[in-house]
Amino acid sequence: MNNIPETHLDLLKDEKKAFLFLATIMPSGSPQVTPVWFNTDNECILINSAAGRIKDHNMRARPQIALCIPDPTNPYRYLQIQGKIIEITTVDADDHINTLTMKYRGLPIYPYRQPGEQRVKYKILINRVDAHG
C-alpha cells in the first residue's frame, strides 16, 4: 500500500469500516457502480462477491476497475483509486466473506448466503491513487 498517502491510510483499516464503491465496465461500455465491503492484505485491496453477479462478470471480462473509499465521518475526504483485478479465486473466499462480515456487522458468519452460492475473492492491484480532503 506504498502508494496510499499516510494521511489516508486510516480509510483502509478495519476499525474505520469504510465502504468501497467499485466501478466496473459493462459489455456496452457503460459504468456500473456497487458499494462493497473490503479489506487489504497490506499490498492489495481484497473484495468478495458471489459468482455470477454483474460485477463478477464485468471484472472477469474487463479487469480494469476504479474505486472510491469515502471516510464514513467526512464524505469530502476520500481515496479515488484506479486498479486492476490480478487474482480471482474461490480458495478461502468463504473465510474471507466471514472476515468481512465480522468487520462490518460484528457477526462470525455471513448471514446472506443464498442456496448454491459460490463466493469469490478478488485481489486488486492499485495503479493510481488520488487522495482528497
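Q: In this predicted model, what makes the contact between R119 and E117 a salt bridge?
A: A salt bridge needs a side-chain nitrogen of Lys or Arg within 4 Å of a carboxyl oxygen of Asp or Glu. For R119 and E117, the N to O distance is 3.2 Å, so the pair meets that cut-off.

Q: Why does R53 count as partly exposed?
A: The label covers values between the 20% and 50% cut-offs. R53 has a relative accessibility of 32%, so it belongs there. R113, at 34%, is also partly exposed.

Q: How do you know that R53 and E117 form a salt bridge?
A: Their closest N and O atoms are 3.5 Å apart, and the limit is 4 Å, so the pair counts. R53 lies in the loop between strand 4 and helix 1, and E117 in the loop between helix 2 and strand 7, so the bridge ties together parts that are 64 residues apart in sequence.

Q: Which residues are linked with E117 in a network of salt bridges?
A: The network links R53, D94, R113, E117 and R119. One of its pairs is R113 with E117, at 4.0 Å from N to O.

Q: What makes R119 part of the story of the largest pocket?
A: Of the 13 lining residues, P35, V36, W37, N48 and R119 lie nearest the pocket's centre. By class, the lining has seven nonpolar, three polar and three charged residues.

Note on methods
Residues numbered from 1 in each chain as written. Predicted model: local features only at pLDDT ≥ 70, side-chain atom pairs only at ≥ 80, totals over all residues. Heavy atoms only, no water. 1 Å grid on protein atoms, 1.4 Å probe; cavity = no way out; pocket = protein on both sides within 12 Å on 5 of 7 lines; lining within 4 Å. Nonpolar A, V, L, I, M, F, W, Y, C, P; charged D, E, K, R; others polar. Helix = DSSP H or I, 4+ residues; strand = E, 2+ residues; numbered from the N terminus. Buried < 20%, exposed > 50% of the residue type's maximum accessible area, 1.4 Å probe, protein only.
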